[in-house]
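Work through the exercises below with the sequence and the model side by side. Try each task before reading its solution.

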Amino acid sequence: YIVRINGEQVQGKTLMEAVNLMRGPVGSSIEITVRRKGLRKAKIFKITREIIEIKSVVSKLIDYEIGYLRLSSFNENSSNQLKREISKLEKNNKLVGYILDLRNNPGGLLSQAVRISDFFLDDGEIVSTRGRKSRENRKFFAKKGDLTNGKTLIVLINYGSASASEIVAGSLKDHKRAILVGENSYGKGSVQSIIPLKNKGAIRLTISKYYLPSGKSISEVGVTPDIEVEESSDAFVINTDTDNQLNFAVKLLNG
């Protein structure tokens with residue numbers, strides 16, 4: 001992969017190597033020359049380097065009184081983004097409850113799953129990990145302070161909800177803090193470690209499993225919703241008029 005940066009041609013063995021060559025101090029500029037198929041002349045783009053925050057949270061107000069929070073992944077910024085959106089919604093005095101949408105969320109960082117679960121809990125165990133070695137056994141607990149002040153919470157899950165999504169949904173269900181609506185989750189309850197190899201490769205090895213506060217394992221069984229609502233049809237699209245699972249949750253909150 002050949003990249004021309006500020007007029008100088010550099011080459012990377014892989015696309016990732018080429019991208020890494022573009023890195024530099026925040027606020028500094030870079031000129032990238034791009035050649036495209038079908039165009040005789042190369043295009044030059046001037047870009048200012050910045051830290052880009054991947055947006056994983058979408059929020060909106062439904063019927064002027066329901067806070068809808070859709071979380072698409074658990075990256076390093078997810079909890080901060082979710083906290084900001086909850087703070088905005090909490091300014092509405094008419095707010096009666098929240099819908100946390102974890103459908104098709106494949107998971108991510110365990111630390112983010114713990115922190116996000118803690119947003120809705122005042123105390124108690126969130127999740128634990130158990131492995132063959134004692135050092136792999138850990139427990140994570142909630143701290144005092146529910147950001148939503150105990151408002152009614154509905155969590156939407158489906159088969160695409162995995163790993164960190166299942167930890168949040170399962171923990172809130174076990175603490176009877178949330179009502180789970182939708183379909184059974186994926187069942188990815190294993191903790192994996194990446195072990196580097198001398199040839200610059202790596203092995204992803206399962207070292208332990210996640211366990212919910214009830215003591216149940218998520219692995220291969222997933223989390224079962226309190227109210228099962230299947231997708232309506234092939235026209236089903238999340239967070240649109242065809243979203244019967246979200247519509248059901250809204251009706252539930254409205255009484």
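Predicted model: local features only at pLDDT ≥ 70, side-chain atom pairs only at ≥ 80, totals over all residues.

Residues are numbered from 1 along each chain as its sequence is written, and side-chain values use heavy atoms, with hydrogens and water left out.

**Exercise 1. Describe strand 7 and the place of D101 in it.**

Solution. Begin with the element: helices (H or I, at least four residues) and strands (E, at least two) are DSSP runs numbered from the N terminus, and D101 belongs to strand 7, which covers residues 97-101.

Next, consider burial, where buried means under 20% relative accessible area, exposed means over 50%, and partly exposed lies in between, with a 1.4 Å probe and protein chains only. Five of the five residues of strand 7 are buried, with G97, I99 and D101 on one side and Y98 and L100 on the other, so that both faces are covered. D101 has a relative accessible area of 0%, and it therefore counts as buried.

Then look for the pairing partner, given that two strands pair if DSSP finds at least two bridges between them. Strand 6 (residues 66-71) pairs with strand 7 in the parallel sense over five bridges, and Y68 stands opposite I99.

Finally, follow the side chain of D101. A polar contact is a pair of N or O atoms within 3.5 Å; within protein, one must be able to donate a hydrogen and the other to accept it, and residues adjacent in sequence count only if both atoms are side-chain atoms. The side chain of D101 makes such a contact with the side chain of Y68 at 2.6 Å, and another, of 2.7 Å, with the side chain of R103. Contact in the wider sense means heavy atoms within 4.5 Å, and, leaving aside neighbours within four places in sequence, D101 is in contact with Y68, L69, R70, L71, L156 and I238.

**Exercise 2. Work out the order of the open sheet of four strands and say what packs on it.**

Solution. The strand order is 9-8-13-12, with antiparallel pairing. The edges are strand 9 (138-141) and strand 12 (190-196), each of which pairs on one side only. Neighbouring strands are turned by 30 degrees against each other on average, direction ignored.

Within this sheet, strand 8 (residues 125-131) and strand 13 (residues 202-211) pair over four bridges in the antiparallel sense, and S128 has Y211 of strand 13 as its bridge partner. Helix 3 (residues 110-118) packs on the sheet, touching strand 8, strand 9 and strand 13, and its direction makes about 155 degrees with that of strand 8; for such angles, axes are lines fitted to C-alpha atoms, for helices over the stretch in contact, and the angles run from 0 to 180 degrees between N-to-C directions.

**Exercise 3. Why is helix 4 described as largely enclosed by the rest of the structure?**

Solution. Helix 4 covers residues 164-174, and nine of its eleven residues are buried, so it is largely enclosed. Among these buried residues are A164, I167, V168 and L172. The buried residues of helix 4 pack against strand 7, helix 3, strand 8, strand 10 (152-157), strand 11 (179-182) and strand 13. After the helix comes K176, whose phi is positive, near 55 degrees.

**Exercise 4. Is N137 buried or partly exposed, and is D243 buried or exposed?**

Solution. N137 lies in the loop between strand 8 and strand 9, and its relative accessible area of 39% makes it partly exposed. The side chain of N137 reaches the backbone nitrogen of G131 at 2.9 Å.

D243 lies in the loop between strand 14 (227-228) and helix 5 (244-253), and with a relative accessible area of 0% it is buried. A polar atom of the D243 side chain lies 3.1 Å from the backbone nitrogen of L246. Apart from neighbours within four places in sequence, D243 is in contact with R103, F236, V237 and I238.
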